[in-house]
Amino acid sequence: MFKKFTNGCVRVVNRWLPDAFLFAVILSIVVYVAGMFATKLGPIDMLVAWANDKGFWSLLSFSMQMALVLVLGSACASAKPFKKALRFLAGLCHNNFQAIIVTTFVSTICCWLNWGFGLVIGALLAKEVVRRVPTVDYPLLIASAYSGFVIWHAGLSGSIPLDLAAGKVFGEVTYQAAISQTIFHPVNIIMCLVILIGMPLINYAMHPDKAHTITIDPVLLQDEEEKVYKIETPADKIEHSKILWGILTVAGFVYIVYYFVKGGTLGLNIVNFIFMFLGIALHGDLRRYVDAIVQAASGAAGVLLQFPFYAGIMGMMITQNEAGVSLAGVISNFFVGISNNTTFPLLSFLSAGIVNFFVPSGGGQWAVQGPIMMPAGQALGIDAGRTAMAVAWGDQWTNMIQPFWALPALGIAKLSARDVMGYLVVILIFVGLVACAGFLVWGLL
């Protein structure tokens, strides 16, 4: 029965889900029309909200960060020492069961520690695992690698709980909750553990039978022959200079150590910085590293093309009329209006899941929903940590069926969104059930 349901999801997605770029275009049209109905703004006003600097171009910095996550991670992975480390982990896998279990488990742990690191490591590990276990279903393996991302906002790099720990002002009120009330709250930890243990087994249970398994041609996974460089001219000697390589490598790692000694935390910038200088160090040659970057850069095309469209969607979701009404606010206020003390966190989770589908940035969602959910939760006597985590869980939940975050992993794997989304629908349902039960229990404590 379970396999029939999974196969049905895969067939529906393969038949109906368009290319990720067209998906973003369709979402843009839907939000454009819905935004006019919700805010009563005119078509030109909504068009401006989509295309102006607060819309279409508002994620330029973030888009560059995400493109670098993909390119620097891929370039780092192409270095021989890094390949050996991935091969060690992949060496634990000798059959389809182990391939799915190890990939899901490692990805989930890494995403809980840091979402940017987890996104890259999961996809790179999956590509190495499939070399060892060529009989595994490749789209399911990549879906398993990405599925770990479903608990990132409940982990150590979760932007909402970390922001709340420092104190967040909405209106004239400062809301604050220690991480012991958010990330390390017993209910949050239990929900993460249930997913960490249960999700690998569910992923394997979805593995199709041999007749329907989609494998990848081993030829496509072969390493390219190592390029042989001729050092004949002074320019060649400079490009392959160990002195320049050494100075740059030492400078990068000195800063990394200094950053953490001074109490710095893992964010996208420092993760990319680490991947860059780790890649430079492992390649052992600046010219070789430049070539690795060139080879990896083609995979960033999806990020560069689609992220501006999602920024435009966010712009339309949060644009307000003269009365301060926005489409995102209308959705959030609807769920607030039907909530009570027990159901408020659960309904906040569901509303955040819906809003995240259109505003897939964790920071963007917090800016949209925080000013609505936090005062409403306080008025119902609900502690700030529980309300914030409900929004955080909703934000990470629907990432499973939102191509926005999957693009880096898909770029590394050379797959499209429709290849993996059928499996991720099942993960969406599983995590949704876990979160709903968890927030109901949290509300009764």
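**Reading the model step by step**

Tutor: Gladly! Let us begin with Ser-144, which touches Ile-100, Thr-104, Ser-107 and Asn-203 when residues up to four places away in sequence are not counted. Ser-144 belongs to helix 8, residues 138-147. Keep in mind that this is a predicted model.

Student: Why does Ser-144 count as buried?

Tutor: The relative accessibility of Ser-144 is 0%. Buried means under 20%, so Ser-144 counts as buried.

Student: And what about Thr-6: what makes it buried?

Tutor: Thr-6 has a relative accessible area of 0%, and the cut-off for buried is under 20%, so Thr-6 is buried. Thr-6 lies in helix 1, residues 2-16. Leaving aside neighbours within four places in sequence, the contacts of Thr-6 are Met-206, Tyr-423 and Val-426.

Student: How far is Thr-6 from Thr-174 in sequence and in space?

Tutor: Thr-6 and Thr-174 are separated by 168 residues in sequence and by 45 Å in space, C-alpha to C-alpha.

Student: Which residues touch the most other members of the largest nonpolar core?

Tutor: That core has 139 residues, and those touching the most other members are Phe-149, Ile-195, Met-317, Trp-393, Trp-405 and Phe-439. Helix 21, residues 417-444, gives the largest share of this core, 14 residues. Take Phe-439: among the residues it touches, not counting those up to four places away in sequence, are Met-191, Phe-349, Arg-386 and Trp-393.

Student: How do you know that Arg-131 and Glu-128 meet in a salt bridge?

Tutor: Look at the distance. The side chains of Arg-131 and Glu-128 come to 3.4 Å, N to O, and a salt bridge needs the nitrogen within 4 Å of a carboxyl oxygen, so this pair qualifies. The two residues are three apart in helix 7, residues 115-132, which means about one helical turn separates them.

Student: What makes Glu-239 and Arg-287 a salt bridge?

Tutor: Their side chains meet at 3.7 Å, N to O; the limit is 4 Å, so the pair passes. This pair links distant parts of the chain, with Glu-239 in helix 11 (residues 234-239) and Arg-287 in helix 14 (residues 286-297), 48 residues apart. Glu-239 is partly exposed at 33%, and Arg-287 is partly exposed at 24%.

Student: With which Asp residue does Arg-287 form a salt bridge?

Tutor: With Asp-291, where the closest N and O atoms are 2.8 Å apart. Arg-287 and Asp-291 are four residues apart in helix 14, so about one helical turn lies between them. A search of the whole structure finds six salt bridges.

Student: How do helix 18 and helix 19 cross?

Tutor: The axes of helix 18 (residues 362-379) and helix 19 (residues 384-397) come within 10 Å and cross at roughly 145 degrees. The crossing is right-handed. Residues making the contact include Trp-366 and Met-373 of helix 18, and Ala-388 and Val-391 of helix 19. By kind, the contact residues are six nonpolar, five polar and one charged.

Notes
Residues numbered from 1 in each chain as written. Predicted model: local features only at pLDDT ≥ 70, side-chain atom pairs only at ≥ 80, totals over all residues. Heavy atoms only, no water. Buried < 20%, exposed > 50% of the residue type's maximum accessible area, 1.4 Å probe, protein only. Contact = heavy atoms within 4.5 Å. Axes fitted to C-alpha atoms, helices over the stretch in contact; angles between N-to-C directions. Left-handed = near helix turned anticlockwise from the far one by under 90°. Nonpolar A, V, L, I, M, F, W, Y, C, P; charged D, E, K, R; others polar. Core = buried A, V, L, I, M, F, W, Y, C linked by side-chain atoms within 4.5 Å.
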